[in-house]
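Have the viewer open and follow along.

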Amino acid sequence: AEYMGNLNFTTDMTQPPKQWKFHRVSDKETIIRTGRVTSQTSGYLQCLAHEPSLGLYFVEDHIRRSLPQLSSLQEELRGNGRSINEVAYDLDLSITAASELYLPRAADRFELHQALQKSTKTGQ
């Protein structure tokens, strides 16, 4: 049905206003087109209304699929971090020990070597 006439809305929305005139559309092609437009509009509005929930569904699905992989990678990274910290601690101790033990001896040897060179130069 097609509504025409003065568009004065009342508080009672259960019945159309008395001023509206009703004209029956008897053309089958118009009825088919109107049904198609109504159906497409309804489908579009449903799609538009469900778009946020559909997007959230895909986000949730992505999280559910990738969370176990990310968790295992996180544990692997934590293990590697502990191993790196242990190696760094051992290396720091080794450097400290080497500097305390070998560098003074190397400095003494260097001084001894320089003294020997000076004595051989002066002795010639």
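## A linked set of charges

Further along, Arg64 and Asp61 are also both in helix H1, 3 residues apart and again about one turn of the helix from each other. They form a salt bridge too, and here the closest N and O atoms are 3.8 Å apart. That value still qualifies because the cut-off for a salt bridge is 4 Å.

Is Asp61 buried or exposed? Asp61 is buried, because its relative accessible area is 19% and the limit for buried is under 20%. Arg64, on the other hand, is partly exposed, with a relative accessible area of 48%. If you bring Arg65 into view as well, you will find a network: Asp61, Arg64 and Arg65 are linked by salt bridges.

## Another one-turn pair

Now move on to Glu75 and Arg78. Their closest N and O atoms are 3.1 Å apart, and the two form a salt bridge. Both belong to helix H1, and because they are 3 residues apart there, about one helical turn separates them.

How accessible are the two partners? Glu75 has a relative accessibility of 43%, so it counts as partly exposed. Arg78, at 42%, is likewise partly exposed.

## Aromatic and nonpolar side chains

The structure holds 1 aromatic pair. This pair is made by Tyr57 and Phe58, whose ring centres are 5.5 Å apart; their planes meet at 65 degrees, so the arrangement is edge-to-face. The cut-off behind that label is an angle of over 60 degrees. Tyr57 is partly exposed at a relative accessible area of 44%, and Phe58 is partly exposed at 48%.

There is a nonpolar patch to look at as well. Tyr44, Leu45 and Leu48 together make a nonpolar surface patch of about 340 Å². Of these residues, Leu48 is placed in helix H1.

## The whole chain

Zooming out, the protein has 1 helix and 2 strands. Read from the N terminus, the order of the elements is β-β-α.

How much of the protein is buried? Of its 124 residues, 3% are buried. The accessible surface comes to about 11,700 Å², and carbon and sulfur atoms account for 60% of that area.

## How confident is the prediction?

The mean pLDDT of the protein is 77, and 76% of the residues reach 70 or more. Among the elements, helix H1 has the highest mean pLDDT, at 84, while strand S1 (residues 2-4) has the lowest, at 45. The pLDDT is below 50 over residues 1-10, and in the model this stretch has 19 contacts beyond near neighbours in sequence.

Note on methods: Residues numbered from 1 in each chain as written. Predicted model: local features only at pLDDT ≥ 70, side-chain atom pairs only at ≥ 80, totals over all residues. Heavy atoms only, no water. Salt bridge = Lys/Arg side-chain N within 4 Å of Asp/Glu carboxyl O. Helix = DSSP H or I, 4+ residues; strand = E, 2+ residues; numbered from the N terminus. Buried < 20%, exposed > 50% of the residue type's maximum accessible area, 1.4 Å probe, protein only. Patch = residues over 30% accessible without salt bridge, like charges linked within 9 Å, V, L, I, M, F, W, Y side chains within 5 Å. Areas by Shrake-Rupley, 256 points an atom, 1.4 Å probe, with all protein chains shown as cover. Phe/Tyr/Trp six-rings, centres within 6.5 Å; stacked < 30°, edge-to-face > 60°. pLDDT = per-residue confidence, 0-100. Contact = heavy atoms within 4.5 Å.
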